[in-house]
Amino acid sequence: APVTDTEALRLYHVIDRDHAADVFSREWSSFDRVRTGEVIGTRFDGSPVIADGDGYVVFPNPRALPGQEWFYLARSSARV
């Protein structure tokens, strides 16, 4: 039978970890939903990392080194 309950996503933004003290606001898992304005993490200097739109956190890596990919943001896509 064909699968009908899938959703295609498009990665649109990669966020690098700038400093070893950058932290997530909570324990994120891939494909956790985020809403516009939701705080995903906090930078070493105290500035928030905020979702710029509704979507998903993908491949969050709390062990990323500075300069490495910390997480990606994804949106729903009509492309299958």
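Arg 35 is partly exposed, with a relative accessible area of 45% (partly exposed lies between buried, under 20% relative accessible area, and exposed, over 50%, with a 1.4 Å probe and protein chains only). Salt bridges that share partners join Asp 18, Asp 22 and Arg 43 into one network. The model is predicted, so local features need pLDDT of at least 70 and side-chain atom pairs count only at pLDDT 80 or more, whereas totals for chains, interfaces and linings use all residues. Residues are numbered from 1 along each chain as its sequence is written, and side-chain values use heavy atoms, with hydrogens and water left out.

**Salt bridges**

- Four salt bridges are present in the structure (a side-chain nitrogen of Lys or Arg within 4 Å of a carboxyl oxygen of Asp or Glu).
- Asp 22 and Arg 43 are joined by one of them, at 2.8 Å from N to O.
- Because Asp 22 lies in the loop between strand 1 and strand 2 and Arg 43 in the loop between strand 4 and strand 5, this pair ties together parts that are 21 residues apart in sequence.
- Asp 22 and Arg 43 are both buried.
- Arg 35 meets Asp 54 in a salt bridge, at 4.0 Å from N to O.
- Arg 35 is in the loop between strand 3 and strand 4 and Asp 54 in the loop between strand 5 and strand 6 (55-58), so the pair links parts 19 residues apart in sequence.
- Asp 54 counts as partly exposed, at 43% relative accessibility.

- Asp 32 belongs to strand 3 (residues 32-34) (strands are DSSP runs of E with at least two residues, numbered from the N terminus).
- Asp 32 is buried, with a relative accessible area of 19%.
- A salt bridge connects Asp 32 to Arg 26, with the closest N and O atoms 3.5 Å apart; Arg 26 is partly exposed, at a relative accessible area of 38%.
- The side chain of Asp 32 also reaches the backbone nitrogen of Ser 29 at 2.8 Å.
- Neighbours within four places in sequence aside, Asp 32 is in contact with Arg 26, Glu 27, Gly 55, Tyr 56 and Val 57 (contact means heavy atoms within 4.5 Å).

**Sheet 2-4-5**

- Three strands make up an open antiparallel sheet in the order 2-4-5 (two strands pair if DSSP finds at least two bridges between them).
- Strand 2 (23-24) and strand 5 (48-50) are at the edges with a single partner strand each, so one side of each has no neighbour in the sheet.
- Two bridges hold strand 2 to strand 4 (residues 39-42) in the antiparallel sense, and Val 23 stands opposite Thr 42.
- Strand 4 is joined to strand 5 by three bridges, also antiparallel, and Thr 42 has Pro 48 as its bridge partner in strand 5.
- Five residues separate strand 4 from strand 5 in a hairpin, where Gly 46 in the turn has a positive phi of about 95°.

**Nonpolar core**

- The largest nonpolar core has 13 residues, and those with the most contacts inside it are Val 34, Ile 40, Val 57, Trp 70, Phe 71 and Leu 73 (a core is a set of buried Ala, Val, Leu, Ile, Met, Phe, Trp, Tyr and Cys residues joined through side-chain atoms within 4.5 Å).
- Strand 1 (8-16) and strand 7 (69-77) each supply at least two residues of this core, and strand 7 gives the most, with three.
- Beyond its neighbours within four places in sequence, Val 57 has contacts that include Trp 28, Phe 31, Asp 32, Val 34, Ile 40, Phe 71 and Leu 73.

Notes:
Helix = DSSP H or I, 4+ residues; strand = E, 2+ residues; numbered from the N terminus. Polar contact = N/O pair within 3.5 Å; in protein donor to acceptor, adjacent residues only side chain to side chain.
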